[in-house]
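Here is a short report for a first look at a protein chain. Keep the sequence and the 3D view open while you read.

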Amino acid sequence: FIPSRDFLPRGSGIVTRRPLILQLIFSKTEYAEFLHCKSKKFTDFDEVRQEIEAETDRVTGTNKGISPVPINLRVYSPHVLNLTLIDLPGITKVPVGDQPQDIEFQIRDMILQFISRESSLILAVTPANMDLANSDALKMAKEVDPQGLRTIGVITKLDLMDEGTDARDVLENKLLPLRRGYIGVVNRSQKDIDGKKDIRAALAAERKFFLSHPAYRHMAERMGTPHLQRVLNQQLTNHIRETLPSLRSKLQSQLLSLEKEVEEYKNFRPDDPARKTKALLQMVQQFGVDFEKRIEGSGDQVDTLELSGGARINRIFHERFPFELVKMEFDEKDLRREISYAIKNIHGSRTGLFTPDLAFEAIVKKQVVKLKEPCLKCVDLVIQELINTVRQCTSKLGSYPRLREETERIVTTHIREREGKTKDQVSSHPSPAPPAWESHLP
């Protein structure tokens with residue numbers, strides 16, 4: 001978008017590995033500045049590209065890793081229109097280097113964070129030499145903007161299409177219509193970039209391509225990078241004008257809320273009993289929230305080093321407990337003999353055609369008793385994990401040792417009470433009948 005400057009990294013594979021928030025600002029002088037080193041003004045745009053690459057590597061490493069933390073860059077120039085662009089990573093299907101196995105989903109989530117905002121326009125870039133119906137950019141844009149009110153289609157690589165084919169139906173907005181339509185551009189090839197081809201020369205070549213191509217010459221004035229720049233500037237201005245009233249209303253509401261809070265703090269007295277009670281309630285409520293998150297699971301502050309809380313309890317139930325059951329000694333031959341004696345003893349001198357219910361109950365009761373020890377052991381493990389979780393959640397109360405101690409005591413006492421009731425429930429399964437019925441007849 002800057003006719004005489006080339007500063008965005010280009011290359012094969014995934015190059016954009018962090019979002020780049022680029023603010024173009026019209027100014028009489030030309031320079032660039034980064035938010036992470038605001039004191040320095042860059043006039044050499046080769047240094048700007050090098051700083052983008054270096055800042056990307058500082059956070060993501062040098063082996064194709066990604067990060068959602070953006071790089072903020074402002075470019076002041078007499079050759080630009082006021083515009084803010086966010087350059088996002090392209091969707092990667094197969095991880096390479098240090099990229100995680102779920103790289104596709106991570107990039108997708110990163111992109112959705114930006115394009116889901118109602119105040120932003122979506123620039124859905126699709127190469128002309130691929131089927132438009134398979135465009136990941138258009139698919140994601142449609143998810144967050146189903147009516148196509150915020151989406152502008154950009155078709156690249158028009159010069160690389162197979163001979164005899166063109167993208168006329170797409171650019172005339174006939175194939176997959178968008179409310180704001182499509183704009184075609186022809187960028188420099190990697191060979192042109194490696195050969196330091198001037199951007200002005202590239203824009204001239206792009207203009208010549210559209211004017212000379214039989215499928216595009218009738219729409220040449222609506223194609224190309226300069227036209228895309230003007231359209232983006234105008235449409236973004238219109239879009240801001242449309243969304244500004246609701247944004248102003250939201251900001252006024254937040255301002256009133258903050259002013260009310262400030263007013264409360266004007267009369268703040270640390271010794272006010274009401275304040276102390278409120279602070280106490282907030283800390284206790286936060287403890288409850290933290291405990292629930294650790295048990296139920298939460299996406300914030302995930303422990304990547306070891307299992308804890310609900311995950312450990314889940315493992316106790318689904319791994320440790322079944323393992324203890326498998327370790328139980330079981331002799332099928334003895335069981336069959338016991339079943340035979342139980343049936344015969346219940347029938348007595350009679351001969352029965354059907355297995356009596358009493359025999360089944362007697363055998364089942366005897367087997368159920370064997371489950372008692374593993375069940376009680378499982379309860380002990382879960383109780384211990386709950387107590388550990390309580391101690392982890394009270395760590396935020398470290399500034400108030402008495403409150404922390406009392407909170408741990410109350411909650412732990414409650415857990416111990418529930419432990420007793422749980423063990424009573426486990427132990428309440430009926431015991432087997434006295435062994436007299438098992439007497440062996442000669």
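## Terms and basis

Two strands pair if DSSP finds at least two bridges between them. Helices (H or I, at least four residues) and strands (E, at least two) are DSSP runs, numbered from the N terminus.

This is a predicted model, in which local features need pLDDT of at least 70, side-chain atom pairs count only at pLDDT 80 or more, and totals for chains, interfaces and linings use all residues. Residues are numbered from 1 along each chain as its sequence is written, and side-chain values use heavy atoms, with hydrogens and water left out.

## Confidence

pLDDT is the predictor's confidence in each residue, from 0 to 100. The chain averages 80. A score of at least 70 is reached by 82% of the residues.

Residues 431-442 stay under 50. Over that stretch the model has 13 contacts beyond four places in sequence; contact means heavy atoms within 4.5 Å. Where pLDDT is low, the predicted coordinates should not be read in detail.

Strands of a sheet pair through backbone hydrogen bonds, either parallel or antiparallel. Axes are lines fitted to C-alpha atoms, for helices over the stretch in contact, and angles run from 0 to 180 degrees between N-to-C directions.

Strand β7 (residues 151-156) joins β8 in the parallel sense over three bridges. Ile155 stands opposite Gly184 in β8.

## The five-stranded sheet

Another open sheet has five strands with mixed pairing. Their order is β3-β2-β4-β1-β5. The edges are β3 (37-42) and β5 (83-87). Each has a single partner strand, so one side of each is left without a neighbour in the sheet. On average, neighbouring strands of this sheet are turned by 20° against each other, direction ignored.

Inside this order, β2 (residues 31-34) and β4 (residues 71-77) pair in the antiparallel sense over four bridges. Tyr31 stands opposite Tyr76 in β4.

## Helices α2 and α3

Two packed helices are described by the angle between their axes and the distance between the axes. The axes of α2 (residues 103-115) and α3 come within 11 Å and cross at roughly 50°. The two are therefore oblique to each other. Angles under 35 degrees count as roughly parallel, over 145 as roughly antiparallel, 65 to 115 as roughly perpendicular and the rest as oblique.

α2 passes α3 in a right-handed crossing. A crossing is right-handed if the near helix is turned clockwise from the far one by less than a right angle, and left-handed if anticlockwise. Arg108, Ile111, Leu112 and Ile115 of α2 meet Met140, Glu143 and Val144 of α3. By class, this contact has five nonpolar, no polar and two charged residues. Ala, Val, Leu, Ile, Met, Phe, Trp, Tyr, Cys and Pro count as nonpolar, Asp, Glu, Lys and Arg as charged, and the others, Gly among them, as polar.

Helix α8 (residues 273-296) packs on α12 at an angle of about 135°, with axes 9 Å apart. α8 and α12 are therefore oblique to each other, and α8 passes α12 in a right-handed crossing. Among the residues in this contact are Phe287 and Phe291 of α8, and Leu386 and Val390 of α12. The contact of α8 with α12 has six nonpolar, two polar and two charged residues.

How do α12 (residues 372-393) and α13 (residues 401-427) lie, and at what angle do they cross? Their axes come within 10 Å and cross at roughly 165°. That makes α12 roughly antiparallel to α13. Their crossing is right-handed. The contact includes Leu386 and Val390 of α12, and Val411 and Ile415 of α13. Its residues divide into 10 nonpolar, three polar and eight charged.

Leu403 is found in helix α13. Leu403 and Leu280 are 123 residues apart in sequence and 8.7 Å apart in space, C-alpha to C-alpha. Leaving aside neighbours within four places in sequence, Leu403 is in contact with Leu280, Met283 and Leu397.
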